[in-house]
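Here are my notes for anyone opening this one for the first time. Have the viewer ready and follow the points in order.

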Amino acid sequence: METRKQIRERLKQKRDSLSQAQVQQWSAEICKNIEAHPWFVQAETVCFYYPLGKEADLRPLAETAWSMGKKTAFPRVAGREMQFYQADSFTEFAEGSFHVMEPVGTTVIYQEDALVLTPGLGFDWQGARIGYGGGYYDRYFAGRPHKYKLGVAYAMQLVERLHPKEHDVRMDGVAAETGIMIVR
Ligand SMILES: Nc1nc2c(c(=O)[nH]1)N(C=O)[C@@H](CNc1ccc(C(=O)N[C@@H](CCC(=O)O)C(=O)O)cc1)CN2
Ligand SMILES: Nc1ncnc2c1ncn2[C@@H]1O[C@H](COP(=O)(O)OP(=O)(O)OP(=O)(O)O)[C@@H](O)[C@H]1O
């Protein structure tokens with residue numbers, strides 16, 4: 001059987017082999033799908049991520065959120081912990097841990113009913129998630145419950161079963177270019 005590490009590497013390779021044009025096209029479709037979903041429409045606060053490598057680029061959706069007057073936050077890592085900090089424009093970022101662009105602001109955002117757009121290398125049909133292996137999102141969600149955890153990935157990153165570990169926090173849904181799957 002394929003190990004967790006092998007699955008992670010296989011999914012990463014698959015994603016990294018996408019062309020920039022494909023990333024832009026699917027990202028735009030993912031943005032459109034999320035924008036139309038009630039979880040986004042109704043959210044007062046949306047937790048985004050700043051795209052890394054060939055992750056789906058949700059920056060246009062953040063612009064939409066700002067134009068709708070929503071509060072938005074992005075992750076910042078400190079040691080083993082991650083928190084979301086408010087950012088209202090892309091001028092408020094600086095390169096941080098793991099070369100990810102992080103907000104420079106100091107306002108920590110935690111709202112249980114915020115929509116949390118969660119990046120991942122893979123998701124399964126039950127909403128289990130596999131990331132880069134740092135465990136940041138798992139530790140974050142373990143300490144801070146969220147009602148609307150929406151995984152974000154390309155359809156080719158969806159697998160039938162990931163064999164999640166005890167500490168793996170399940171998503172409430174997964175957004176892809178082909179549509180949004182709600183799993184709870
Ligand atoms: N966009 C984004 N932001 C995020 C995460 C994420 O997965 N994606 N994180 C989720 O935990 C946290 C940062 N943790 C990270 C932990 C490990 C690696 C990492 O191993 N990166 C790879 C290559 C990245 C690529 O090119 O795709 C590396 O450094 O080899 C990245 C981020 C918070 N912010
Ligand atoms: N709730 C938790 N409490 C303590 N440690 C945790 C918790 N969740 C995860 N970890 C630690 O994080 C490590 C990595 O977890 P895992 O392999 O699930 O990462 P991942 O979900 O792929 O990564 P990421 O969330 O950074 O994208 C685990 O081996 C574990 O030690």
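Which element gives the largest share of the shell around ligand 2? It's α5, with 5 residues. (Helices, H or I of at least four residues, and strands, E of at least two, are DSSP runs numbered from the N terminus.)

1. Ground rules. This is a predicted model, where local features need pLDDT of at least 70 and side-chain atom pairs count only at pLDDT 80 or more, while totals for chains, interfaces and linings use all residues. Residues are numbered from 1 along each chain as its sequence is written, chains are lettered from A and ligands numbered from 1 in the order in which they are written, and side-chain values use heavy atoms, with hydrogens and water left out.

2. Who surrounds ligand 2. Its shell holds 16 residues, and the closest are Arg8, Arg129, Gly131, Gly135 and Asp168; a residue counts as near if one of its heavy atoms lies within 4 Å. Sorted by class, that shell has 5 nonpolar, 5 polar and 6 charged residues. For the classes, Ala, Val, Leu, Ile, Met, Phe, Trp, Tyr, Cys and Pro are nonpolar, Asp, Glu, Lys and Arg are charged, and the others, Gly among them, are polar.

3. Go to Tyr136 and you'll find a backbone N or O atom 3.1 Å from an oxygen atom of ligand 2. For Tyr137, the backbone N or O atom is 3.3 Å from a ligand 2 oxygen. With Asp138 the side chain takes part: one of its N or O atoms is 3.0 Å from an oxygen atom of ligand 2. The protein covers 73% of the 650 Å² of accessible area that ligand 2 has on its own (Shrake-Rupley method, 1.4 Å probe).

4. The elements around ligand 2. Those giving two or more residues to its shell are α1 (4-16), β8 (129-130) and α5 (136-143).

5. Now ligand 1. Around it are 15 residues, the closest being Arg15, Tyr50, Glu55, Phe98 and Tyr132. What does the shell around ligand 1 look like by class? It has 12 nonpolar, no polar and 3 charged residues.

6. The side chain of Arg15 has an N or O atom 2.8 Å from an oxygen atom of ligand 1. Glu55 also uses its side chain, with an N or O atom 2.6 Å from a nitrogen atom of ligand 1. At Tyr50, a backbone N or O atom lies 2.7 Å from a nitrogen of ligand 1. Of the 680 Å² of accessible area that ligand 1 has on its own, the protein covers 78%. The elements that give two or more residues to this shell are α1, β2 (71-78) and α5.

7. Strand β7 (residues 122-124) runs antiparallel to β8 over 2 bridges (strands pair if DSSP finds at least two bridges between them). Phe123 has Arg129 as its bridge partner in β8.

8. A hairpin to finish. Strands β11 (residues 173-176) and β12 (residues 179-182) are antiparallel and joined by 4 bridges. The hairpin between them passes through 2 residues. Val174 has Met181 as its bridge partner in β12.

Methods:
A polar contact is a pair of N or O atoms within 3.5 Å; within protein, one must be able to donate a hydrogen and the other to accept it, and residues adjacent in sequence count only if both atoms are side-chain atoms.
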